[in-house]
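Please read the following note with the sequence and the model at hand. The points are numbered so that each may be checked in turn.

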Amino acid sequence: MDQDVESPVAIHQPKLPKQARDDLPRHVSRDRTKRKIQRYVRKDGKCNVHHGNVRETYRYLTDIFTTLVDLKWRFNLLIFVMVYTVTWLFFGMIWWLIAYIRGDMDHIEDPSWTPCVTNLNGFVSAFLFSIETETTIGYGYRVITDKCPEGIILLLIQSVLGSIVNAFMVGCMFVKISQPKKRAETLVFSTHAVISMRDGKLCLMFRVGDLRNSHIVEASIRAKLIKSKQTSEGEFIPLNQTDINVGYYTGDDRLFLVSPLIISHEINQQSPFWEISKAQLPKEELEIVVILEGMVEATEDLPNVPHSKPNFPCVGKESKFEESMQDGIGLLTRQRTDWSSENMQGMTCQARSSYITSEILWGYRFTPVLTLEDGFYEVDYNSFHETYETSTPSLSAKELAELASRAELPLSWSVSSKLNQHAELETEEEEKNPEEQTERNGDVANLENESKV
């Protein structure tokens, strides 16, 4: 007798990212080991991201200048040497072919023969003549003659292409040397971030400093929270970036970085740390990325450009509308001139660092590093990363706000209790004025008797 056998059906699950597979609900023991948090940005500021399976590699060649600038120094120097060597060899080969086709090699010792290039007797001499032509050295021993039109055309082509190669390669080397990446090495961040009370509010703080005497112009600070999330529709967003307000609306994010500064983020309802308490913080898988940007201070200042106020041709006294237009255009002119001078004074520099949950200390503050000496302020960078413990509630900012709101209102407040309070007030008023009530009652009784009569 045949039996029905259920054939297994292969159900293909959608391929999820690794972070999504790790965050799926699963039954694990309480004694599981903690997973190591993978950094998105390392402490030295380098992004821990590798681009793989890039199929459209031609895009790198379309922007060949930036590609060469981004290469490491060893590859950049290798390409620099190879480009010049290949061009010298290429044109040296063409000079040798011209001499070989014209028969100059067969009349080397013939004084009556006019060659294309004098004293060119082989490939080595053609290679040397190519170097002399492209680098405009001109020793005078090998000279092109006027009886070789193809040589004259080749001389023009090599001179033009040689100038283009020089401009391209020297430009790449100049841009790579002048990049202000090493300036970020002297911009330091504290090794830990701290959470403590400041002005009665729970704040997240970290410290930044500049080791050089030349300052960063127009310095600004930003912070990002890197944390994976899952939307209400079930979509998983790996490494979602959320802004952390460090004074954008108040202007505190614009820094005058002469001495180390403590950057503070107030944990309020708009903060991503609003519901995070001290006990919950180690369980969170998050990373705080801080970015310090500014322009490298130039060695010389640009001359001041006078700002002239434009005049409108009008007859008689200017109207208020014309005066306001003049003020507006004058302001735009000043802003445009200031913007252009800022761009000309220095190059933009960016320093980055990050903090994971194990590097965020709850209930700590930074040790002061600035002291007043005889006629100057001194910064002690030995204490730059040091912190000290302070009394800080272990509750989240949301719980602290709820406790504060409860303290302002009665514990058992309701509509009925409010009505009872009004009734008690009325009875108290009646007890205070019994005589007035009796008089009023007597008056009312007399009025009634009079009306009856």
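Predicted model: local features only at pLDDT ≥ 70, side-chain atom pairs only at ≥ 80, totals over all residues.

1. Cys203 is buried, at a relative accessible area of 4%; buried means under 20% relative accessible area, exposed means over 50%, and partly exposed lies in between (1.4 Å probe, protein chains only). Cys172 is likewise buried, with a value of 1%.

2. Residues are numbered from 1 along each chain as its sequence is written, and side-chain values use heavy atoms, with hydrogens and water left out.

3. Which cysteines form a disulfide? The term denotes a pair of cysteine sulfur atoms within 2.5 Å, and by this rule the count comes to one. The partners are Cys116 and Cys148, with sulfur atoms 2.1 Å apart. The angle about the S-S bond is -75 degrees, and the link is left-handed. Cys116 lies in the loop between α4 and α5, and Cys148 in the loop between α5 and α6, so the pair ties together parts that are 32 residues apart in sequence. (Helices, H or I of at least four residues, and strands, E of at least two, are DSSP runs numbered from the N terminus.) Cys116 is buried at 2% relative accessible area, and Cys148 is buried at 0%.

4. Asp104 also belongs to the loop between α4 and α5. This residue is buried, with a relative accessible area of 3%. Its contacts (heavy atoms within 4.5 Å) are with Ala99, Trp113, Pro115 and Cys116, not counting residues up to four places away in sequence. The side chains of Asp104 and Trp113 make a polar contact of 2.8 Å. A polar contact is a pair of N or O atoms within 3.5 Å; within protein, one must be able to donate a hydrogen and the other to accept it, and residues adjacent in sequence count only if both atoms are side-chain atoms.

5. Helix α6 covers residues 149–178, 30 residues in total. From first C-alpha to last it reaches 43 Å, close to the 44 Å expected at 1.5 Å a residue; the expected span is 1.5 Å times one less than the number of residues. Its buried residues include Gly151, Leu154, Cys172 and Lys176. The buried residues of α6 pack against α3 (64–70), α4 and α5 (123–134).

6. How many aromatic pairs does the structure hold? There are nine, where rings of Phe, Tyr and Trp (its six-membered ring) pair if their centres lie within 6.5 Å; planes under 30 degrees apart count as stacked, over 60 as edge-to-face and the rest as tilted. One of them joins Tyr84 and Trp88, a tilted pair at 5.9 Å centre to centre with 45 degrees between the planes. Both residues lie in helix α4 (residues 73–102), four residues apart, about one turn of the helix. Tyr84 is buried, at 11% relative accessibility. Together with Phe80, Tyr84 and Trp88 form one aromatic cluster.

7. The charged end of Lys176 is over the ring of Trp73, 5.3 Å from its centre. The charged end of Arg207 is over the ring of Phe384, 5.3 Å from its centre. Phe384 is buried at 1% relative accessibility.

Key: Lys NZ or Arg CZ within 6 Å of the ring centre and 35° of its normal.
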